[in-house]
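Please keep the sequence and the model at hand while reading the points below.

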Amino acid sequence: MMNAVVVRDLKRSYNKVEALKGISFDVAPGEIFGIIGPDGAGKTTLFRILTTLLLADSGTATVDGDDVVKGFRSIRKKVGYMPGRFSLYQDLSVEENLTIFASIFKTTIQENYHLIKDIYQQIEPFKTRRAGALSGGMKQKLALSCALIHKPVVLFLDEPTTGVDPVSRKEFWEMLAKLKQQGITILVSTPYMDEASLCDRIALIQDGAFLKIDTPQHIIEQYENTLWSVHSNEMSRLLKDLRSNDNISTCFAFGDTHHITIKPERSAENGGDFTHKKLEHFLKEKNHVEIEIKSITASIEDCFMELAG
Amino acid sequence: MKVIEARQLTKRFGNFTAVDNISFEVEKGEIFGFLGANGAGKTTAMRMLCGLSKPTEGYGKVAGFDIEKQSEQVKANIGYMSQKFALYEDLKVWENLRLYGGIYGVPKKEIDPRIDAALKQLGIEDEKNTMVKALPLGWKQKLAFSTAIFHEPKIVFLDEPTGGVDPAARRQFWELIYDAADRGITIFVTTHYMDEAEYCNRVSIMVDGRIEALDSPKNLRRAFKADNMDQIFHQLARKAKRGEN
C-alpha cells in the first residue's frame, strides 16, 4: 500500500537559519504520526511544506501520492490543515465558518456530518456566536471541524493542544483516536512529551533535525543510560548534592523525584561499582532523610534529553 | 509574613461568576502553584491580584497593598511574566533589562551592576550586546524572567512560563525559580505541566471559579489517594459543570 506521506531529505532555510536540515520519513495510511519537539525545532516549517503553503529549498515530499510542488492543486483538495494559530474568520459565526469551508471544498455540512458529529455537537449550541468570541477550547473544536468537513485523506494538526489543560488535552486525543478509526491519516505536532504514547509512531525533532523515528515503545526500549529516580526530604538541596557526585552524569527534576543517569563506566551493568547502596550512603552523609532510590524505565522526556545531549 | 491575602474574592461579568468567593494566603518566599482547567477562572483571579481588574466582592492584599484601593502600588511591587514574553526583540539583551529597570524606578546607579549580576546568574554574559530576536527560545524565557524580577519585587506572577520550551530548558527554568524563592521572592505560578505542580510548596486547584483543593503536593496526594498531581487534577477537573464559554 502506498504511503500517505513520503519525505526525502527535505531542507529549508530562512536567511542563515536552517529550519529543516534534511529530514526523511514515511507515514503509513491510517497512522497517527507525532512530530514531537520544542518551539523553534522546525515543526511548523515541515507542516507548511507538506500542506503546499511553503516551498522547500531541496528534497522531495509527496502526500497521498502527489508531489508537494507539481501536485499542489490535488493535495489542497484532499488534506485538512489546522494551523497552530487560530486562522478562521473571527467576524463570522461558528456555522458560517463551517459552511464556508464546506462550500469551498464543494461539499455540504450534511454530507460529512458523521465525521465531525462528536466534535461539532459540543459547539453546536453556540453556532450563531462569532468565532472571535469563542473560548480557546471551542475555537480548537471549530478549527478541527473545519479541517475535517471535506473528509480529508490526511489531516495535519500543528500543535493542537498547546496551552490546553491536561483534561481537555486528553479529550482531544480521544477525538483523534476516533478519527483514526475512520481511516484518516493524522500528522500531529506537539511540545508535550506525554502525548507521545498516544501516537502509533513518533519523530523526536530538535534544531531542524530528527533525533529518532520509531514507535514510542521502541524508543523507550533503546534508552541506553542507567536511570534512577531519587527522592529525599529536601528536593532543592538534593539536586545540587546529586550533581556534586562524580558517579552521576546528569540530574534533573522530574515531578516528585529527580532522575539521574549514572556515568556508563561507573554503572554496575558495565562492571562499575556505583550502586543504590553507595548513593544512599553518600546522601546520608549529607544529612538527607527519607531517601528513596529506584531503578526506573525511561519516559519519552528522558529519551529526548538523552538524544538531544 | 503574608504576601498575598485573598478574602472571599469574587468577580462577576453580568450574571456569570468567573471567580466565586475564593480565600487563601501565600507566605513570603513560597512557591505557590495555581492550577485549573481552561475557563476555571485562573486568569480572572490573577488579573485581580495584579491590580488589573477590580473585584465585584471581597478583599485582597498583595505585597502589603489593597488590590482595589491601591492598585498602582500593587503593580509597582509585583513582577509579571507570561508565555508571551514581553521582551523587545529589536533591543539588545542589556537594553531590555535597562528599560524594565527604568520603568520600575530602579535607581540609576544600581541598574548597571544589576544588569551584570542578572546576566552572570543566567550564564549569558557574552550575549549582553546580542539582539533579543537572535536568542534561542530557552534563553529568551530566562531573560524574560530576569526582567520580571529586575526591580526585586516581593512577588512575581508567572502565567504558564514554560510552554513550548525543550525538556532540559524547562527544568533549568525551574531552578531559576527556586533561586528566586530562596532570595525571598514569592512565586505565584500557573502551569499545565502536572510534574511542575510537584515543584511547588503548595498548590491550589480551581474548578468552576472556586478553589476545590489547596495544600502541599504531598498532602494532596494523600488526601486524594493519588500517585501524582495528574490524577488529582483529572479527579477534580472532571467535576466541572460549566463549559469554557
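In strand S4 of chain A, Ser58(A) is the bridge partner of Lys11(A). Strand S1 (residues 5-14) and strand S4 (residues 58-63) of chain A are antiparallel and are joined by 5 bridges. The model is a predicted one, in which local features need pLDDT of at least 70 and side-chain atom pairs count only at pLDDT 80 or more, while totals for chains, interfaces and linings use all residues. Residues are numbered from 1 along each chain as its sequence is written, and chains are lettered from A and ligands numbered from 1 in the order in which they are written.

**Strand pairing in chain A**

- Strands here are DSSP runs of E with at least two residues, helices are runs of H or I with at least four, and both are numbered from the N terminus. Two strands pair if DSSP finds at least two bridges between them.
- S1(A) is also joined to strand S2 (residues 17-27) of chain A, by 8 bridges, and these strands run antiparallel. Leu10(A) has Ile23(A) as its bridge partner in S2(A).
- The hairpin formed by S1(A) and S2(A) has 2 residues between the strands, and Asn15(A) in the turn has a positive phi of about 50°.
- S4(A) pairs with strand S5 (residues 66-67) of chain A over 2 bridges in the antiparallel sense. Opposite Val63(A) stands Asp66(A) in S5(A).
- In the hairpin of S4(A) and S5(A), 2 residues lie between the strands, and Asp64(A) takes a positive phi near 50°.
- As background, strands of a sheet pair through backbone hydrogen bonds, either parallel or antiparallel.

**Helix H4 of chain A**

- Which residues of helix H4 (residues 113-120) of chain A are buried? They are Ile116(A), Ile119(A) and Tyr120(A). These residues lie on the same side of H4(A), because they cover an arc of only 80° around the axis.
- A residue is buried if 20 or more other C-beta atoms lie within 10 Å of its own, exposed if 12 or fewer, and partly exposed in between, with C-beta atoms placed from the backbone. The arc is that of the directions from the helix axis to the C-beta atoms.
- His114(A) and Lys117(A) are exposed residues on the face of H4(A) turned away from its buried side.
- The cover over the buried residues of H4(A) includes helix H5 (136-148) and helix H6 (166-181) of chain A.

**Chain A as a whole**

- Chain A contains 10 helices and 14 strands, and 42% of its 309 residues count as buried.
- Taken along the principal axes, the C-alpha atoms of chain A fill a box of roughly 70 × 45 × 40 Å.
- Two residues are in contact if their C-beta atoms, placed from the backbone, lie within 7 Å. Of the contacts in chain A between residues at least 6 apart in sequence, 68% join residues at least 24 apart.

**Chain B**

- Chain B has 9 helices and 10 strands, and 44% of its 245 residues count as buried.
- The C-alpha trace of chain B spans about 50 × 40 × 35 Å along its principal axes.
- An open sheet of 4 strands in chain B has the order S2-S1-S4-S5, with antiparallel pairing. Strand S2 (16-27) and strand S5 (65-66) of chain B are at the edges with a single partner strand each, so one side of each is left without a neighbour in the sheet.
- Strand S4 (residues 57-62) of chain B and S5(B) are antiparallel and are joined by 2 bridges. Asp66(B) in S5(B) is the residue opposite Lys61(B).

**Contact between the chains**

- The contact takes 28 residues from chain A and 28 residues from chain B.
- On the side of chain B that touches chain A, helix H6 (167-182), helix H7 (194-197) and helix H9 (229-237) of chain B each supply at least two residues. H6(B) gives the most to this side, with 5 residues.
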